[in-house]
Amino acid sequence: MTAETSQTLDRGLRVLKLLADTDHGLTVTELSHKLGVNRTVVYRLLATLEQHALVRRDLGGRARVGLGVLGLGRQVHPLVREAAMPALRALAEDIGATAHLTLVDGAEALAVAVVEPTWTDYHVAYRAGFRHPLERGAAGKAILSARQQPRLAGEAADAPGYTLTHGELEAGACGAAAPLLGVTGVEGSVGVVMLAEVVPERVGTRVMDAAREVAEALR
């Protein structure tokens, strides 16, 4: 901590991060141990966060992330979209196919940014706001592939590469997507969708490059 920072705010943000990393919530005692502070401090932090609906406590006393974070989360998409647009534009123009950034929204894949090429005679119409199950389409499957990669403590996992699909979301359309890696708090993929029987070999590599560019822009 430095003179310019707030210790209380820092602790409150650490509480939110700890709760976001668990599915079953944490008790006051568990938070006290993880933060290295006494229980009284944790009670005060939780009470303050509860007032803003950022934390809730269940009947068993376990603290969990509150619904108030959804309001903050809705403001994230425009920022992510803005950061991703240069890489998406370059990808769409280079490949001549519709490029998209897709993020996880519950059990669905949600397209939050879409760029269509300017020079092609025709391309797949794909709109921001389009949703589909994570288990269908290249965008969702790329995200799931990243989840399945082993994460060993202190070691970087190998890149999952890219995912190809054909006709899963639209008849005659192929998709290629690569996951966003190393971006805290953002789970998604970058991809293209095109009308083709077979995805050209270079498309997969180009999509991976674009995913890395977007990830770097978001760090």
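Student: Hi! Where is Leu67 placed?
Tutor: Leu67 is in the loop between strand 2 (63-65) and helix 4 (68-73). Helices (H or I, at least four residues) and strands (E, at least two) are DSSP runs, numbered from the N terminus. This is a predicted model, where local features need pLDDT of at least 70, side-chain atom pairs count only at pLDDT 80 or more, and totals for chains, interfaces and linings use all residues. Residues are numbered from 1 along each chain as its sequence is written, and side-chain values use heavy atoms, leaving out hydrogens and water.

Student: Is Leu67 buried or exposed?
Tutor: Leu67 counts as exposed because its relative accessibility is 68%. Buried means under 20% relative accessible area, exposed over 50%, and partly exposed in between (1.4 Å probe, protein chains only).

Student: Switching topic, which residues of helix 3 are buried?
Tutor: They are Val41, Val42, Leu45, Leu46 and Leu49. Seen down the axis of helix 3, they fall within an arc of 130 degrees, so they line one face of the helix. That arc is taken from the directions from the helix axis to the C-beta atoms.

Student: And what does the face turned away from them carry?
Tutor: The exposed residues Arg44 and Gln51 are on that face of helix 3.

Student: What covers the buried residues of helix 3?
Tutor: The cover includes helix 1 (7-20), helix 2 (28-35), strand 1 (55-57) and strand 2.

Student: What follows helix 3?
Tutor: Ala53 does, with a positive phi near 60 degrees. Ala53 and Leu67 are 14 residues apart in sequence and 6.2 Å apart in space, C-alpha to C-alpha.

Key
Contact means heavy atoms within 4.5 Å.
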